[in-house]
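Thanks for coming, everyone. I'd like to walk you through one model today, so please have a look at the screen.

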Amino acid sequence: VIKGHVNEITKQENDLYESRIRICKQCPLYTETSLGPICDSKKCFNSETNKTQSYPSEGYTCGCACRLNAKTRLKNAKCVLNKW
């Protein structure tokens, strides 16, 4: 995680960031905050039904709460919904 923050501050892995953040912006778990975009842990999504809800339950995947400006710059990081 620290590496992602370093990459963010030093603007490294910009191509990776750009391609992933485009995908994230289309995701129902994406939320803009004062600290930048996050994968919102208060949102849960069911990819089979395309429904979003505010509590975890069977068949739903909740956001990981990561700051996306950092996570999307890590080559080995994975999206909780397997979008990248």
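**A hairpin to start**

Let's begin with the hairpin that joins strand 1 to strand 2 through 2 residues. When I say helix or strand, I mean DSSP runs numbered from the N terminus: helices are H or I with at least four residues, and strands are E with at least two. Strand 1 covers residues 30-33 and strand 2 covers residues 36-39, and they pair in the antiparallel sense over 4 bridges. Two strands pair here if DSSP finds at least two bridges between them.

A word on the ground rules. This is a predicted model, so local features need pLDDT of at least 70 and side-chain atom pairs count only at pLDDT 80 or more, while totals for chains, interfaces and linings use all residues. Residues are numbered from 1 along each chain as its sequence is written, and side-chain values use heavy atoms, with hydrogens and water left out.

Strand 3, residues 44-46, pairs with strand 4 over 3 bridges in the antiparallel sense. One of the residues to look for is Cys44, whose bridge partner in strand 4 is Gln53.

That brings me to the cysteines. How many disulfides does the structure hold? It holds 1, where a disulfide is a pair of cysteine sulfur atoms within 2.5 Å. Cys44 is joined to Cys62, S to S 2.0 Å. The link of Cys44 and Cys62 is right-handed, with 85 degrees about the S-S bond. Because Cys44 lies in strand 3 and Cys62 in strand 5, the pair ties together parts 18 residues apart in sequence. Are these two buried or exposed? Cys44 counts as buried at 0% relative accessibility, while Cys62 is partly exposed at 24%. The cut-offs are under 20% relative accessible area for buried, over 50% for exposed and partly exposed in between, with a 1.4 Å probe and protein chains only.

Cys24 is in no disulfide; its nearest cysteine sulfur, that of Cys79, is 6.2 Å away. Cys24 is buried too, at 7% relative accessibility. Cys79 is likewise in no disulfide, and its nearest cysteine sulfur, that of Cys27, is 6.0 Å away. Cys79 is buried at 12%.

Cys24 also takes us to the largest nonpolar core, which has 14 residues. A nonpolar core is a set of buried Ala, Val, Leu, Ile, Met, Phe, Trp, Tyr and Cys residues joined through side-chain atoms within 4.5 Å. Among the members that touch the most others are Ile21, Cys24, Tyr30 and Trp84. Helix 2 (residues 14-25) gives the largest share of this core, 3 residues. Leaving aside residues up to four places away in sequence, Ile21 touches Tyr30, Pro37, Leu68 and Thr72, contact being heavy atoms within 4.5 Å.

Last, two backbone spots. Ala65, in the loop between strand 5 and helix 3 (68-71), has a positive phi of about 75 degrees although it is not a glycine. Asn82, in the segment after helix 3, also has a positive phi, about 60 degrees. Ala65 is partly exposed at 42%, and Asn82 is exposed at 66%.
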